[in-house]
Amino acid sequence: MGRVSSLLKEFHPIVWSLVVGTVFVRAASSMSMPFLFLYLSNNTDMDLATIGLTIGAGPLAGTLGGFIAGTLSDRIGRRRVMLGALYVWTLVFVGFAISKNPMVLLVLNMAGGLCRSFYEPVSQALMADVTAPEKRFRVFSLRYTAINVGVAVGPIAGAVLAKTSVALPFMVTAIIYLIYVISLQGLLNKFGIKKIEGQKKEAVTFRRAFSVVVQDKAFRFYMIAGMLGAVGYSQMSSTLAKFAEMTVANGTELFAVLMSINAIVVVVMQLPLTSWAEKKTPLTAIFVGNVMYAIGDIGYAFANSWLIFIIAMVFFTFGEILTFTSGDVLIDRMAPEGMRGSYYGAKSFSNVGQFIGPWLGGILLASYGGTTLFLVVAAFSMISNAFQWAGQRAYLVSKGHSINYARTDSL
């Protein structure tokens with residue numbers, strides 16, 4: 001009990017409220033959003049390509065939202081941006097539960113993408129605001145663990161609820177979001193966040209973030225690599241559910257299991273894989289991660305049983321662990337002092353891949369089948385490595401280094 005009490009006192013109460021809230025929010029959203037492709041294909045007249053376009057519209061809207069949120073939170077405060085996003089997000093899920101109109105669903109998904117892009121970066125900034133710099137790594141590790149604990153539970157709960165009604169997971173998600181935002185609002189008011197929410201934060205504007213892409217050649221290569229990787233990664237939350245349903249018995253239940261396995265593997269393997277990656281350059285970890293993505297996608301392409309799907313997901317998740325963390329470290333190292341906000345804001349351009357991926361995946365799945373789809377996205381992961389290599393070369397040239405990839409100070 002003493003250790004638990006000490007841990008609780010180590011971080012601000014708002015940090016713990018956001019960490020615990022993240023578990024419930026991610027569990028709730030993963031009850032519904034990963035099944036959105038299935039929901040739309042089975043309950044509307046939309047074709048698979050249009051469904052992919054609808055799902056991809058969320059991340060595309062989030063591309064712009066990431067820039068807007070940073071500036072807005074500096075001007076009107078983090079508390080207002082977070083709470084506003086959560087209240088609107090609640091209404092979005094209610095809309096998903098009651099509407100079958102394709103245009104309405106498209107607008108709802110775009111609104112959901114904006115809400116995510118407003119809430120998540122601003123909540124991270126608030127956690128940093130109330131945490132000493134030397135403790136922030138641990139705080140963000142707690143948050144990442146909380147995300148995956150929620151995702152481990154949510155899909156299975158969603159699959160169970162969907163047996164009663166396909167709209168039920170969306171309505172339950174809305175209720176959980178509403179309970180969370182009301183409780184969070186009370187906590188934020190109680191602990192006086194108004195006094196600290198806007199201190200010394202760099203404003204990230206669209207113009208400034210766009211200038212990063214225009215001026216930094218190495219960063220442009222990395223963003224293209226990120227877009228290509230996102231095309232493949234986005235299949236996990238879009239076409240994979242439909243492909244599993246088309247391929248094996250009880251495919252919907254399998255997909256729920258796969259999502260939970262993804263989260264469990266992240267929780268279990270995050271520490272050992274991160275420890276390995278810390279001994280390498282971020283670029284090396286990303287290279288290996290993209291290879292893991294490709295192996296996972298090839299596994300999906302030829303999967304004909306639950307076991308093969310599960311093995312493929314394990315490899316795919318290894319790729320996720322290696323690329324997500326290393327990508328953030330890569331950007332942190334290459335960003336000049338005073339420009340980190342702009343570089344992280346410009347990273348949102350990689351969300352274009354999250355838009356293209358579901359749309360392209362829907363076309364390939366409908367026209368050529370899942371085998372072709374997942375072989376194509378496996379190739380995208382490997383092509384992404386070529387752009388990572390080009391970015392490394394451009395970075396070293398810009399710094400006046402010789403092209404020696406064994407250097408310990410290289411990215």
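This is a predicted model: local features need pLDDT of at least 70, side-chain atom pairs count only at pLDDT 80 or more; totals for chains, interfaces and linings use all residues.

User: Which residues touch the most other members of the largest nonpolar core?

Analyst: Leu240 and Phe309 do, within a core of 77 residues. Helix H5, residues 78–98, supplies the largest share of this core, with 10 residues.

User: What other core lies apart from it?

Analyst: A core of 14 residues lies apart from it, and its members include Tyr222, Ala394, Tyr395 and Leu396.

User: Let me step back. How many helices and strands does the chain have?

Analyst: The protein chain has 17 helices and 0 strands.

User: And what fraction of the residues is buried?

Analyst: Of its 411 residues, 52% count as buried. The accessible surface is about 17800 Å², and carbon and sulfur atoms account for 67% of that area.

User: What about contacts by sequence separation?

Analyst: Taking contacts between residues at least 6 apart in sequence, 83% join residues at least 24 apart.

User: Now the pockets. How much space lies in the second largest pocket?

Analyst: The second largest pocket holds about 240 Å³ of space. Its lining consists of 13 residues, and those nearest the centre are Phe35, Leu38, Ala162, Val166 and Thr252.

User: Which elements give two or more residues to that lining?

Analyst: They are helix H3 (36–43), helix H7 (136–164), helix H8 (168–190) and helix H12 (251–278). The largest share, 4 residues, comes from H3.

User: How does the lining divide into nonpolar, polar and charged residues?

Analyst: The lining of the second largest pocket has 8 nonpolar, 3 polar and 2 charged residues.

User: Changing topic again: where does threonine 317 lie?

Analyst: Threonine 317 is part of helix H14, which covers residues 306–334.

User: Is threonine 317 buried or exposed, and why?

Analyst: Threonine 317 counts as buried because its relative accessibility is 0%, and buried means under 20%.

User: What is threonine 317 in contact with, leaving aside its neighbours within four places in sequence?

Analyst: On that basis, threonine 317 is in contact with Asn262, Val265 and Val266.

How values were computed:
Residues are numbered from 1 along each chain as its sequence is written. Side-chain values use heavy atoms; hydrogens and water are left out. Buried means under 20% relative accessible area, exposed over 50%, partly exposed in between (1.4 Å probe, protein chains only). Contact means heavy atoms within 4.5 Å. Accessible areas come from the Shrake-Rupley method with a 1.4 Å probe; for residues, only the protein chains shown count as cover. A nonpolar core is a set of buried Ala, Val, Leu, Ile, Met, Phe, Trp, Tyr and Cys residues joined through side-chain atoms within 4.5 Å. On a 1 Å grid over the protein atoms alone, a cavity is a set of points where a 1.4 Å probe fits but cannot get out, and a pocket is an open set with protein on both sides within 12 Å along at least five of seven lines; lining residues have an atom within 4 Å of a point. Grid points are joined across faces, edges and corners, and a volume is the space filled by probe spheres set on the points. Ala, Val, Leu, Ile, Met, Phe, Trp, Tyr, Cys and Pro count as nonpolar, Asp, Glu, Lys and Arg as charged, and the others, Gly among them, as polar.
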